[in-house]
Amino acid sequence: MHNNVDVLFDNLWQNYLSVTPSAKKVHELLGSTQNDDVINDHIALRTFNIEKVGLEKLAAHLKAVGYTECGEYHFEAKKLFAKHFEHSDPTKPKVFISELLVEKFSEELQKVITDLVDQIDEEAITADNFLYSGTHWSLDSQTYKKLLEESEYAAWTAAWGYRANHFTVSINYLENFDSIEVVNQKLKDADFALNATGGEIKGSPEVLLEQSSTLADNFNVKFSDCEMAIPSCFYEFALRYNKPDGEIYTGFVAASADKIFESTNAR
Ligand code: OOG
Ligand code: NI
């Protein structure tokens, strides 16, 4: 497994850029406003709660580079469970890992997902590159569409596999933006489409975290029967506030996360 956290994130970043052309432009747009590099607040990973590839299997790769488990989140309607992980160095991105509660869906969906997971080589799951290894299975476009009817998350994960679903700019570390409103305006002025579910800004100073995100790019996927452009990955922006004890809040907010997941919905 990886022993260098920076190498891991460089690989995750390159793999994310390869299917998210807008991310490079967003990075340049905000990066050009300052001398220092843009700091990432967090990334997010998705999987299925089948033991072979469950959340803990992904987490093992992060624990190996110095991450520890910090919080748990439940998403009733979307039938997801998540945990977040932090590194001892606060400038390293936090990692939000979710898993689909497969048993809560139809027999049909359960069978499709089990078949996909069965196709993964055991060795691939512990290999250095697993978190940015994409798909390990064959999927046809009709099955993808069928999954979409029940769970957008299931369909996205089946189509894209293992990769960072988004990177997140830390607004706290931006030198020339003091509010999320100003960041959002800068993005809209440059013609980026924002996720407007529940309003462009998710959360508030009261819950110690404000977030916004772009809508995922559309990017070509090679299904077993055809090639088709579907939502790939998006970019998020996060502004954190101090807790009453003066320490910055480092957790997530389930009600906001619930809406951020929808950044991969079709436009
Ligand atoms: C994760 C959505 C949650 C956040 O910052 O609240 C999230 C996902 O879309 O996989 O990233
Ligand atoms: Ni996020």
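Mentor: A residue is taken as near a molecule or strand if its C-beta atom, placed from the backbone, lies within 6 Å of it. This is a predicted model, in which local features need pLDDT of at least 70 and side-chain atom pairs count only at pLDDT 80 or more, while totals for chains, interfaces and linings use all residues. Residues are numbered from 1 along each chain as its sequence is written, and chains are lettered from A and ligands numbered from 1 in the order in which they are written.

Around ligand 1 one finds Ala-44, Arg-46, Phe-96, Ser-98, Asn-165, Gln-211, Glu-236, Phe-252, Ser-256, Ala-257, Ile-260 and Phe-261. Sorted by class, this shell holds six nonpolar, four polar and two charged residues, where Ala, Val, Leu, Ile, Met, Phe, Trp, Tyr, Cys and Pro count as nonpolar, Asp, Glu, Lys and Arg as charged, and the others, Gly among them, as polar. Three elements each supply at least two residues of the shell, namely strand S1 (40–48), strand S4 (94–100) and helix H9 (254–260); H9 gives the most, with three residues. Helices (H or I, at least four residues) and strands (E, at least two) are DSSP runs, numbered from the N terminus, and the protein comes to nine helices and ten strands.

To place S1 and S4 in the fold, one turns to the open sheet of eight strands, whose order is S2-S3-S4-S1-S5-S10-S7-S6, with mixed pairing; two strands pair if DSSP finds at least two bridges between them. Because strand S2 (67–75) and strand S6 (202–204) stand at the edges with a single partner strand each, one side of S2 and one side of S6 are left without a neighbour in the sheet. On average, and with direction ignored, neighbouring strands of this sheet are turned by 25 degrees against each other. Helix H3 (residues 55–63) packs on the sheet and touches S1, S2, strand S3 (80–87) and S4, and the direction of H3 makes about 165 degrees with that of S4. Here residues are in contact if their C-beta atoms, placed from the backbone, lie within 7 Å, and angles run from 0 to 180 degrees between N-to-C directions of axes fitted to C-alpha atoms, for helices over the stretch in contact.

Consider now how S4 is held to its partner S3: the two run antiparallel and are joined by six bridges, and a hairpin leads from S3 to S4 through six residues. Ser-98, which belongs to the shell of the ligand, stands in S4 opposite Ala-82.

Glu-236, another of the residues around ligand 1, lies in S10 and stands opposite Thr-168.

A further strand pair is formed by strand S8 (residues 218–222) and strand S9 (residues 227–231), which run antiparallel with five bridges between them. Val-221 stands opposite Met-228 in S9, and the hairpin of S8 and S9 has four residues between the two strands. As for the overall extent, the C-alpha atoms of the protein fill a box of roughly 50 × 40 × 35 Å, taken along the principal axes.

Notes: Contact = placed C-beta atoms within 7 Å.
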